[in-house]
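Open your viewer and get ready to pick out residues and helices one stop at a time. Each stop tells you what to select and what you will find there.

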Amino acid sequence: YWIEEANRIDPGNFSPRRNYMSTLTPRWGGSYEEMYAYLQECRFQQIPPEHIRNLEAIIHNDIANMHRHDHKPVEAYTHYRQALMLLTGIETAETTEALRGLIYSALESNTLDRVSDEMDRYLHIVPEDPQILSYCGWLRENSGKLAEVMGDYKEAALQGDAWSQFQIAQILLYHKPLATEETRSEGLTWLKRSAKQGYEPAQK
């Protein structure tokens with residue numbers, strides 16, 4: 001079997017083990033019992049502890065993804081959080097997946113304010129994600145941090161996020177002290193950009 005050959009060539013490998021773990025997910029015909037059994041096998045093989053933690057995080061991420069698919073954001077949030085605890089000090093694709101999943105699970109359970117630190121961490125890894133930037137801006141706006149809000153919204157708006165374009169327009173047109181005669185023209189420009197993309201509130 002290819003995983004046995006990979007282990008023979010490099011007993012401490014990680015990428016082949018990670019790929020093999022992914023083949024054991026339920027959507028590929030495997031099960032979580034098989035995934036945990038393989039995790040235990042890897043422990044017996046005495047591979048580096050950080051590799052074990054990363055492999056276990058793959059399981060939690062997959063369970064969380066299944067919960068999100070089943071519209072169970074609270075359960076998904078718990079497993080993404082467990083994945084992130086396992087990935088402390090580790091920056092891999094699984095870290096990014098867990099952070100993004102945690103943010104969306106919090107959004108879907110109306111608890112976005114719980115993940116402000118995770119949004120900042122995610123944006124440090126993926127600085128140009130317009131959706132997460134817009135959520136970050138919304139959170140700062142609701143916390144009264146207007147000086148930081150415009151930066152988040154503009155980053156997202158410049159990448160074509162219609163909702164963020166509309167939010168900028170609202171702030172520049174109506175939100176004092178930022179809304180002045182001088183900002184009105186810029187506000188209308190952003191409103192038109194949002195409307196042009198079909199964002200219904202901007203078209204009214």
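**Before you start**

This is a predicted model, where local features need pLDDT of at least 70 and side-chain atom pairs count only at pLDDT 80 or more, while totals for chains, interfaces and linings use all residues. Residues are numbered from 1 along each chain as its sequence is written, and side-chain values use heavy atoms, with hydrogens and water left out.

The helix names follow DSSP: helices are runs of H or I of at least four residues, strands are runs of E of at least two, and both are numbered from the N terminus.

**Stop 1: α2 and α4**

Select helix α2, residues 15–23, and helix α4, residues 49–69. Two packed helices are described by the angle between their axes and the distance between the axes. Here the axes come within 10 Å and cross at roughly 25°. An axis is a line fitted to C-alpha atoms, for helices over the stretch in contact, and angles run from 0 to 180 degrees between N-to-C directions. That angle makes α2 roughly parallel to α4. For such labels, angles under 35 degrees count as roughly parallel, over 145 as roughly antiparallel, 65 to 115 as roughly perpendicular and the rest as oblique.

The crossing of α2 and α4 is right-handed. A crossing is right-handed if the near helix is turned clockwise from the far one by less than a right angle, and left-handed if anticlockwise.

Now show the side chains at this contact: Arg-17, Arg-18 and Met-21 from α2, with Leu-55, Ile-58 and Ile-59 from α4. Contact means heavy atoms within 4.5 Å.

**Stop 2: α2 and α3**

To see the contact, select Arg-17, Tyr-20 and Met-21 of α2, together with Met-35, Tyr-38, Leu-39 and Cys-42 of α3. This contact has six nonpolar residues, no polar ones and one charged.

**Stop 3: the loop between α3 and α4**

Follow the chain into the loop between α3 and α4, where you will find Gln-46 and Ile-47. Is each of them buried or exposed? Gln-46 is exposed, with a relative accessible area of 71%, whereas Ile-47 counts as buried at 7%. Buried means under 20% relative accessible area, exposed over 50%, and partly exposed in between (1.4 Å probe, protein chains only).

Gln-46 also has a positive phi of about 55°, although it is not a glycine. Around Ile-47, leaving aside neighbours within four places in sequence, look for Pro-11, Arg-17, Cys-42, Ile-52 and Leu-55, which are in contact with it. Gly-12 is 35 residues from Ile-47 in sequence, yet their C-alpha atoms are 5.4 Å apart in space.

**Stop 4: the nonpolar cores**

In soluble globular proteins, nonpolar side chains tend to be buried together. A nonpolar core is a set of buried Ala, Val, Leu, Ile, Met, Phe, Trp, Tyr and Cys residues joined through side-chain atoms within 4.5 Å.

Select Ile-103, Val-115, Met-119, Ile-132 and Tyr-135: of the 27 residues in the largest core, these touch the most other members. The elements giving two or more residues to this core are α4, α5 (73–86), α6 (93–108), α7 (116–125) and α8 (130–142). Apart from it lies another core of 16 residues, among them Phe-14, Met-35, Ile-47 and Ile-58.

Zoom in on Ile-132. Beyond its neighbours within four places in sequence, Ile-132 is in contact with Arg-100, Ile-103, Tyr-104, Met-119, Tyr-122 and Leu-123.

**Stop 5**

His-71 lies in the loop between α4 and α5. It is exposed, at 71% relative accessible area, and its phi is near 60°, a positive value in a residue other than glycine.

Gln-159 sits in the loop between α9 (146–158) and α10 (162–174), and is partly exposed at 36%.

Finish at Gln-203 in helix α12, residues 200–203. It is partly exposed, with a relative accessible area of 49%.

Technical notes:
Nonpolar A, V, L, I, M, F, W, Y, C, P; charged D, E, K, R; others polar.
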